[in-house]
Amino acid sequence: MTEYPDHLGARLDRLFGSVTLSPEFEARLIARVNAQSDAIERVDRDYRTAMVAASRWRRRLLEFLTMDVAAAAGLLIFGEAMVLRLLQTLPPGVKGSTLWQLVAGSGMSGLLVLIPVAAIAAILWPVFDYGRSPE
Amino acid sequence: MLPQSADTQGTTIEQQIMGLVRTGQRDQALRLIVPVFKRKVFALAFSFTHNRDEAEDLAQEVFVKVWQALPRFDGRALLSTWIYTITRNTSLSALRGRRETCGIEEAVASADNEAEVERMLLQRLVERLPDRQRQVIALFYMQDHSHEEVAQMLDMPVGTVKTLLHRARERLRSEIGND
């Protein structure tokens with residue numbers, strides 16, 4: 001034990017010199033990095049696939065909705081035309097009544113004009129909205 | 001390795017690595033980094049943990065972090081400084097919540113020859129040193145006796161490293177004398 005102080009440096013060299021990395025350190029690290037890289041790639045690929053599927057699904061839905069809304073708007077316009085035509089055929093007695101005056105005065109005709117405008121806006125909405133939606 | 005040659009090699013590697021990072025080849029960049037820094041990262045992690053297996057695991061973790069962060073490395077700091085910072089932070093995180101797991105007493109008891117017993121006793125004395133002295137002494141003897149290298153790795157002035165080293169040796173001599 002008395003040789004310790006004089007050989008402290010040598011003993012510390014031996015002590016810490018024996019602390020070494022295992023020979024397979026680098027191989028283990030590369031394998032770990034490759035595994036992480038593969039996992040990241042897989043997640044990235046899955047994400048892109050999911051986004052493409054979502055985008056396709058959204059486009060189909062919008063196409064469907066556009067057609068649906070177009071059909072509804074067409075029906076509304078047709079219905080409105082029919083109502084207007086029906087109103088023309090009403091007997092003069094009805095047209096001169098107080099009820100008719102009330103309906104005409106409360107902006108019934110204005111409302112009938114708004115219907116096709118709203119229908120056109122509904123048709124065009126998905127087209128404008130599609131370009132702004134996050135993908 | 002001499003400090004000057006380490007710097008020269010470090011600069012060259014750094015330029016090569018920056019080139020690879022810019023072209024998105026981080027796997028290749030890591031393959032360049034690991035052989036140069038594995039021993040240093042391991043030594044630095046060991047200076048914190050004083051446990052070989054844990055230090056090796058930490059070194060692995062550090063290189064995975066380096067690989068993940070390489071696209072964000074902009075070259076403003078030295079690559080070595082950046083890697084040592086990651087190593088210190090990773091080691092400190094690992095140390096948080098755990099202290100002293102060595103079981104050196106059992107190891108001494110199970111040592112089967114005098115040299116091994118002396119080695120274990122010296123290890124026990126080193127482990128009793130204050131944290132910074134213990135770190136400096138481990139790194140100094142693991143890093144080819146380079147004060148500059150130890151200073152860079154621990155992010156402290158060279159003078160501080162020399163002082164801590166001197167105090168650690170004095171303390172060890174005194175402890176050994178009293179043993």
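I call it a salt bridge when a side-chain nitrogen of Lys or Arg is within 4 Å of a carboxyl oxygen of Asp or Glu. I am working on a predicted model, where local features need pLDDT of at least 70, side-chain atom pairs count only at pLDDT 80 or more, and totals for chains, interfaces and linings use all residues. Residues are numbered from 1 along each chain as its sequence is written, chains are lettered from A and ligands numbered from 1 in the order in which they are written, and side-chain values use heavy atoms, with hydrogens and water left out.

**Entry 1: the interface**

I looked up the salt bridges between chain B and chain A, and the rule finds two. In one salt bridge, the side chains of B:Lys38 and A:Glu26 meet at 2.8 Å, N to O. I then checked which elements of chain B touch chain A: α2, α3, α6 (114–128), α7 (131–142) and α9 (158–178) each supply at least two residues. Helices here are DSSP runs of H or I with at least four residues, strands are E runs of at least two, and numbering starts at the N terminus.

Contact means heavy atoms within 4.5 Å. By that rule, 37 residues of chain B are in contact with 27 residues of chain A. I get about 3,100 Å² buried between the two chains, with carbon and sulfur atoms giving 66%. That is the accessible area (1.4 Å probe) lost on putting the two parts together, summed over both. On the chain B side, B:Gln60, B:Glu118 and B:Tyr141 lose the most area to chain A, together 21% of what that side buries.

**Entry 2: helix α3 of chain B**

I picked α3(B), residues 52–69, next. Its 18 residues reach 25 Å from first C-alpha to last, close to the 26 Å expected, a span taken as 1.5 Å times one less than the number of residues.

Which residues of α3(B) are buried? Among them are B:Leu58, B:Gln60, B:Phe63 and B:Trp67. Buried means under 20% relative accessible area, exposed over 50%, partly exposed in between (1.4 Å probe, protein chains only). The buried residues of α3(B) pack against α2 (25–88) of chain A, and also against α2 (26–49) and α4 (79–95) of chain B.

**Entry 3: chain B overall**

I find nine helices and zero strands in chain B. Of its 179 residues, 49% count as buried. I also looked at contacts in chain B between residues at least 6 apart in sequence: 66% join residues at least 24 apart.
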